[in-house]
Amino acid sequence: MRRQAATVRVARWSAQHPWRAIGMWVVFVAVCFAAGGWAGTTEATGADMAIGESGRATTIVDDGDFGEHAEENVLITARSGRLDMAAAEAAADDAARGLSGLADVEEVGDPVPSRDGTALLVPVTMAGDPDGASDRVGTLLDATAAVQRDHPDVLVAQVGGASINKGINDQVADDLLKAEMISVPVTLVIMLIAFGAIIAAGVPVLLAMSSVGAAFGLAALTSHFVPAVESMSSMVVLMGMAVGVDYSLFYLKREREERRDGASHTRAVEIAAATSGHSVVVSGVAVIVSMAGLYLANDAVFASLATGSVIVVAVAVLGSLTVLPALLAKLGKRVDRPRVPLLWRLTNRAGPPRVWPKLLRPALRFPLVTLLLSVTALGALALPALDMKLKSTSESDLPRSMPVMRSYDRLTSAFPSEGTNHVIAVRAAPAQAERVRAALTDLSGRTKDNPLFANVDTPVIKVSADLRVTTLHVPTTAGVGTDEGADSLDALRTTLVPATVGTVSGAEHAVGGGIAENVDYTDNLADRMPIVIGFVLLLTFVIMAVTFRSLVVALTALFLNSLSAAAAFGTLALVFQHSWAEGILDFRSNGALVAWIPLFLFAVLFGLSMDYHVFVVSRIREAARGGLSTRDAVAHGISRSAGVVTSAAILMVSVFAIFATLSLNEMKQMGVGLAVAVFIDAMIIRVLVLPSLMTLLGRANWWPSRIRRDPESPTTPIDEHSTERLPTVVLPRG
């Protein structure tokens, strides 16, 4: 007898010792969650995400001791029409008095009117470490709100880095709660339709939620080594709910099928572990390997998202192989209780499938025509991706449903120097400090009356305590990701800075700021993208070739996955680079996609596609081993796996689509991209492209290995590399 797979041995132990397995899982989740809460999360800083020349500018600035504190601003504007300056000054006086007495306030400056007289600005310097200012700014916001209540005839708002960060954090928390509140009942409904029984529907959801909880704790721990970005928490929920339920669905469906065919509970769990359990491992490894490719991008955002995804997928796989068999063994037949009468009859209907053979008929009868038409249609959908533009997220891309961002818009309109700034950072010997200041003053003067820059009366120059580092803020009227912004950066880097600061002997200089960071980030992506894509393609090819022992199957997987990913990218460009869908998805288009989204989606999609591809192709291979022709094997494999794959696809599309309703643009784009790709992969690829392509290839699908026909298929043993039961296996009872 062959040595049993590790998945079978683990499942048998769990099934024979269910309370131990369940208890160990509960302890594991609790310890992970508690440890993460105790350790806290380390968030990525500007230095962590520094890239290129803008990264050098950040390093130079961090090297200087400016005695800086977080800066906030109380903005006073008219509700409509002209600003009543007397009323504004009264509100400013009250704001100064209210804020001056707070422990978190270092200093309150004198009110500054705008040039056009439309606003009054009260600068506020916070006390303490600027890195933790967003955690302490709440008391300032409360004081500002009190001033607004006392002066209802004017608009009083607070704007600054700390208040914007707090607004973003609050919005992310609200979005996460919204995603959880919607995704859990939606997932339960889909599982109820898939299984027709309440307990069976609840088991995958419970396992997925526990996996997400454990992953949150582990992600917090790892953030001390790989700093976390704001989107990581959303990514853990998104991936965890999708793959956690998906893996349990495959396993539970197979275990139920074996029990229905007469196997005992333990034996059914063992067979499910040898087949669907193996599929879960292959899929999980594929996702983890694909996500690991993002580390090659040398970027803090990708590293953080990859870490969160790898952790939650690994935990979901672990739960599917350990605690899920224990739950199934302990529940036994009770897993199918209580039954929902109509749904139970629909999901447990005996006999061959009826709908899917009809859907597959065009691909099986006219494979060449079907393949050409479907590939052409998907290619047309992918065409907009050729005009895909990338842009890093900036303040202008944040949702205006956040009150602080509406206040930010009023601030930058009245005080342009408070908007987008280039940062010229210079490091030189202390003896050169005066020459550096003179050069920066000259540089500021050269930007006056230049349409690429905003005019200021006095240049904003700061010098470190040791006179080694000097900075100049050069305001611009252009935004991040615009052609005008890139032109202003180019003017500084190629002409203005070399002609001024560049003449100071021994001075090291760099141009940073939001515009520079966006340009350097997208340039780095362009350089690293071929490396990441090559890594993902190579590892996907290896995994598929090893799993199926076929180079053709591996190449087919690359072609099909690339096709669905390209169509998803085309859809993203069509939706988010234009304004026609703004009302539908509640966003404001900036004419570009978030810079990290396409490469991240590429890695995720290649991993998730294994869920369906491994499952379906394994059933096709089993049918071919049973003696069916390629055409019949394709029809049999896809039809017999249609129920579970369709349920899994509907689940993933539903969970991903929920994220398209969240506030932040990156979450919307990620949700739409993943939902479209999964839908295309599970429905169009599986119904049209895959069957027509495999029918045309015939026996060449399995090259260089051969399919060994076994006329005694009823006695053929379970194939450990398969994800489903062989067509006519008969197992004894007990």
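Let's start at Ala 197, which is buried, with a relative accessible area of 0%. Keep in mind as you look around that this is a predicted model. You'll find Ala 197 in the loop between α7 and α8, the latter covering 198-222. What does Ala 197 touch, once its neighbours within four places in sequence are set aside? Its contacts are Leu 192, Arg 256, Val 335, Asp 336, Arg 337, Pro 338, Arg 339 and Trp 344. For a sense of scale, pick out Gly 52: it sits 145 residues from Ala 197 in sequence, and the C-alpha atoms of the two are 56 Å apart in space.

### Helices that meet

Now for some helix pairs. Here are three of them side by side.

| Helix pair | Distance between axes | Angle between axes |
|---|---|---|
| α7 (161-195) and α9 (232-260) | within 10 Å | roughly 10 degrees |
| α20 (514-548) and α21 (551-576) | within 8 Å | roughly 140 degrees |
| α19 (483-499) and α20 | 10 Å | about 95 degrees |

Take α7 and α9, whose axes cross at roughly 10 degrees. That angle makes α7 roughly parallel to α9, and the crossing is right-handed. On the α7 side, the residues that meet α9 are Val 172, Leu 176, Glu 180, Ser 183, Val 184, Thr 187, Met 191, Ala 194 and Phe 195. Facing them in α9 are Ser 233, Ser 234, Val 237, Met 241, Val 245, Leu 249, Leu 252, Lys 253 and Arg 256. Sort the residues of this α7 and α9 contact by class and you get 11 nonpolar, four polar and three charged.

Next come α20 and α21, with axes crossing at roughly 140 degrees. How do we describe that angle? It makes α20 oblique to α21. Here, too, the crossing is described as right-handed, with α20 passing α21. From α20, the contact uses Leu 537, Thr 540, Phe 541, Met 544, Ala 545 and Phe 548. From α21, it uses Leu 551, Val 553, Ala 554, Leu 555, Ala 557, Leu 558, Asn 561 and Ser 562. The tally for α20 with α21 is 11 nonpolar, three polar and no charged residues.

α20 has another partner, α19, packed against it at an angle of about 95 degrees. The two helices are therefore roughly perpendicular to each other. Look for Gly 485, Ala 486, Ser 488, Leu 489 and Arg 493 in α19, which meet Ile 515, Ala 516, Val 519 and Asp 520 in α20. By class, the α19 and α20 contact has five nonpolar, two polar and two charged residues.

### Rings that pair up

How many aromatic pairs turn up in a search of the whole structure? The search finds five. In one of them, the ring centres of Phe 250 and Phe 615 are 4.7 Å apart and the planes are at 10 degrees, so this pair is stacked. Phe 250 belongs to α9 and Phe 615 to α23 (residues 597-625), so the pair ties together parts that are 365 residues apart in sequence.

Phe 602 and Phe 606 are both buried.

Most residues other than glycine have a negative phi, and most peptide bonds are trans.

Asp 449 isn't a glycine, yet its phi is positive, at about 65 degrees.

With a relative accessible area of 44%, Arg 549 is partly exposed.

Finally, which kind of peptide bond, cis or trans, runs from Trp 703 to Pro 704? That bond is cis, with omega near 10 degrees. Pro 704 is found in the segment after α26 (665-697).

Note on methods: Residues are numbered from 1 along each chain as its sequence is written. This is a predicted model: local features need pLDDT of at least 70, side-chain atom pairs count only at pLDDT 80 or more; totals for chains, interfaces and linings use all residues. Side-chain values use heavy atoms; hydrogens and water are left out. Axes are lines fitted to C-alpha atoms, for helices over the stretch in contact, and angles run from 0 to 180 degrees between N-to-C directions. Helices (H or I, at least four residues) and strands (E, at least two) are DSSP runs, numbered from the N terminus. Angles under 35 degrees count as roughly parallel, over 145 as roughly antiparallel, 65 to 115 as roughly perpendicular and the rest as oblique. A crossing is left-handed if the near helix is turned anticlockwise from the far one by less than a right angle, and right-handed if clockwise. Contact means heavy atoms within 4.5 Å. Ala, Val, Leu, Ile, Met, Phe, Trp, Tyr, Cys and Pro count as nonpolar, Asp, Glu, Lys and Arg as charged, and the others, Gly among them, as polar. Rings of Phe, Tyr and Trp (its six-membered ring) pair if their centres lie within 6.5 Å; planes under 30 degrees apart count as stacked, over 60 as edge-to-face and the rest as tilted. Buried means under 20% relative accessible area, exposed over 50%, partly exposed in between (1.4 Å probe, protein chains only).
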